[in-house]
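Open the structure in your viewer and keep the selection panel at hand. This tour goes stop by stop, saying what to select and what is there.

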Amino acid sequence: MDERPIGRGVFLATVAGGLSSLLWGKAAWSYVSNPISRAAQAIAPILPSQGWRIYTVGSSMPVFDPVTWRLKIGGLVDNPMELGYLELRALPQHSQVSVFHCVTGWTVDGVRWRGVRFKDLLAAAGPRPGAHALEFVSAEYPYVDYLTIEQAMLHDAMLAWEMDGKPLLQEHGAPVRVVIPEMYGYKNVKWVAEINLVPKPGIGYWEAGGYDNDAWVGRSNGYTS
Amino acid sequence: MNPGRPGYVRRFSRTERAIHWVNALGFFLLLFTGLILYLPRLSAEFGRRPLIKDIHFWGGIGWVAALVLIAMLGDRHGVLRTAREIEVFEREDVNWLTRRKPREQGRFNAGQKLNAALNAAFMVLFLVSGLLLWAGEKDTRFRFVSTVLLHDALLYASLALLLGHLYLALIHPTTRHALRGMVRGDVREDWARQHHARWDTGD
């Protein structure tokens with residue numbers, strides 16, 4: 001009888017192909033993702049837009065109320081202050097297009113951000129000489145993370161309130177989030193409620209679980225390229 | 001075993017049916033919780049990500065464990081026999097795929113064999129990539145840039161299989177009688193002879 005183990009072959013080849021894709025998947029995907037994601041967006045607007053995934057740590061996402069919302073700026077500053085949403089948006093604005101990298105491996109290209117540079121944000125508060133880092137407290141308890149002042153002053157780091165031409169959506173951190181494209185997403189704190197100037201960076205939410213304090217894209221958290 | 005109803009032949013044992021339905025139940029639980037984790041709008045709607053994540057992770061472990069348990073505690077030999085049936089393609093199976101003759105089919109046609117083999121492979125890959133995602137969150141040694149992509153690609157591939165499967169089992173007029181086999185265990189003899197001519201039904 002003419003019998004061939006094709007079923008077993010299909011099973012083994014699929015498992016082998018899938019496992020090996022852990023090594024080549026990302027490279028292959030970046031090759032074909034543009035036409036595919038364009039097609040996917042055309043047919044199904046519900047699909048994750050351009051590959052965003054929403055990671056949260058709390059039991060619910062913070063809700064933004066433009067009337068009561070305040071951004072506190074405190075710690076080692078001469079003038080501790082609270083900014084309302086409109087006051088914040090009256091600060092000098094900048095736009096940029098940058099890449100967003102998540103430490104888990106997904107990447108979103110060409111994100112358009114609009115917001116305020118940290119230099120302009122902190123000018124009125126007046127950081128004191130002993131302040132060397134920023135503490136970002138999220139409205140999503142207990143998320144917190146830190147940047148050194150040097151890192152926050154990178155040319156493309158900002159506190160953003162607009163993404164792709166629209167006010168930040170709730171799942172992207174409305175009303176404001178940190179954007180620092182050189183670092184992985186967990187440094188890009190969402191739902192920022194409080195910024196404190198501190199002597200040195202503390203241990204952030206994911207860093208407490210073993211992630212690197214300096215989350216440089218491609219050269220931290222076990223990645224080398 | 002009871003002699004069965006006249007005019008009907010037995011297609012699936014209790015164990016096989018239990019495996020199928022537990023597999024379906026687990027798949028939908030993981031699909032549902034997975035989509036909440038995956039789609040931004042749904043994530044915002046449901047919140048409670050840590051809880052959904054726990055349900056998804058432990059649901060996945062429970063899913064695979066339940067299937068292994070049923071196979072081991074149920075009719076183990078029958079399951080192994082069925083697995084062998086699915087693994088092996090005869091000349092008629094290849095002909096069935098390439099639309100040549102002769103192509104009379106046994107208890108499973110070549111499409112069903114492919115579907116089963118792919119689903120089994122997808123389950124292994126879902127499990128491995130899921131465990132890597134979970135472990136990678138705690139330890140960089142388990143982190144690969146492509147794990148998320150693999151898990152996503154499996155979602156799309158298994159959805160495609162699922163849609164085809166649902167169409168053939170629920171809608172397509174000549175094949176949907178097969179659903180009875182998976183629910184009650186037996187199918188009409190004339191239907192079996194027509195669609196699975198080489199199946200030795202033991203009569």
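This is a predicted model: local features need pLDDT of at least 70, side-chain atom pairs count only at pLDDT 80 or more; totals for chains, interfaces and linings use all residues.

**Stop 1: chain B as a whole**

Select chain B and color it by secondary structure. Nine helices and three strands make up its elements. Follow the chain along its sequence and the pattern reads β-α-α-α-α-β-α-α-α-α-β-α. Its C-alpha trace spans about 55 × 40 × 30 Å along the principal axes. Chain B has 203 residues, and 26% of them count as buried. Now think about contacts with a separation of 6 or more: in chain B, 58% of these come from residues 24 or more positions apart.

**Stop 2: helix 5 of chain B**

Select residues 91-98 of chain B, which form helix 5. Show side chains for Glu92(B), Asp93(B) and Trp96(B). These three are buried. Where on the helix do the buried residues fall? Look down the axis of helix 5 of chain B: they lie within an arc of 105 degrees, so they line one face of the helix. An α-helix has 3.6 residues a turn, so residues three or four places apart point the same way.

**Stop 3: Ala192(B)**

Select Ala192(B), found in helix 9 (residues 189-195) of chain B. Is Ala192(B) buried or exposed? Ala192(B) has 22 other C-beta atoms within 10 Å, and 20 or more make a residue buried, so Ala192(B) is buried. Now show its contacts, skipping neighbours within four places in sequence. They are Val9(B), Val187(B), Trp199(B) and Thr201(B). Arg107(B) is 85 residues from Ala192(B) along the chain, yet their C-alpha atoms are separated by 8.3 Å.

**Stop 4: where the chains meet**

Show both chains. Chain A brings 39 residues to the contact, and chain B brings 37. On the side of chain A that touches chain B, strand 1 (3-4) and helix 1 (6-43) of chain A each supply at least two residues. Helix 1 of chain A gives the most, with 14 residues. This side of chain A divides into 16 nonpolar, 16 polar and seven charged residues.

Zoom in on strand 1 of chain A. Two bridges join strand 1 of chain A to strand 2 of chain B, and the two run antiparallel. Find Glu3(A): opposite it stands Glu90(B).

**Stop 5**

Begin with strand 2 (residues 70-75) and strand 3 (residues 81-84) of chain A. They run antiparallel, joined by four bridges. Together they form a hairpin with five residues between them.

Click Ile73(A). Toward strand 3 of chain A, it stands opposite Met81(A). Toward strand 11 of chain A, it stands opposite Ile195(A). Strand 2 and strand 11 (residues 192-198) of chain A pair in the parallel sense over four bridges.

Move on to strand 6 (residues 133-138) of chain A. Six bridges join it to strand 11 of chain A in antiparallel fashion. Val137(A) has Glu194(A) as its bridge partner.

**Stop 5: the nonpolar cores**

Select Leu134(A), Met158(A), Leu159(A), Ala160(A), Val178(A), Val179(A) and Val192(A). In the largest nonpolar core, of 39 residues, these touch the most other members. Several elements of chain A each supply at least two residues of this core, including strand 5 (107-116), helix 3 (118-123) and strand 10 (177-179). Strand 8 of chain A gives the largest share, five residues.

Center on Met158(A). Leaving out residues up to four places away in sequence, Met158(A) touches His94(A), Trp113(A), Gly115(A), Val116(A), Arg117(A) and Val179(A).

Another core, of 21 residues, lies apart from the largest one; Ala117(B), Ala121(B), Leu125(B) and Leu150(B) are among its members.

Definitions and conventions
Residues are numbered from 1 along each chain as its sequence is written. Chains are lettered from A and ligands numbered from 1 in the order in which they are written. Two strands pair if DSSP finds at least two bridges between them. A residue is buried if 20 or more other C-beta atoms lie within 10 Å of its own, exposed if 12 or fewer, and partly exposed in between; C-beta atoms are placed from the backbone. The arc is that of the directions from the helix axis to the C-beta atoms. Two residues are in contact if their C-beta atoms, placed from the backbone, lie within 7 Å. Ala, Val, Leu, Ile, Met, Phe, Trp, Tyr, Cys and Pro count as nonpolar, Asp, Glu, Lys and Arg as charged, and the others, Gly among them, as polar. A nonpolar core is a set of buried Ala, Val, Leu, Ile, Met, Phe, Trp, Tyr and Cys residues joined through C-beta atoms within 7 Å.
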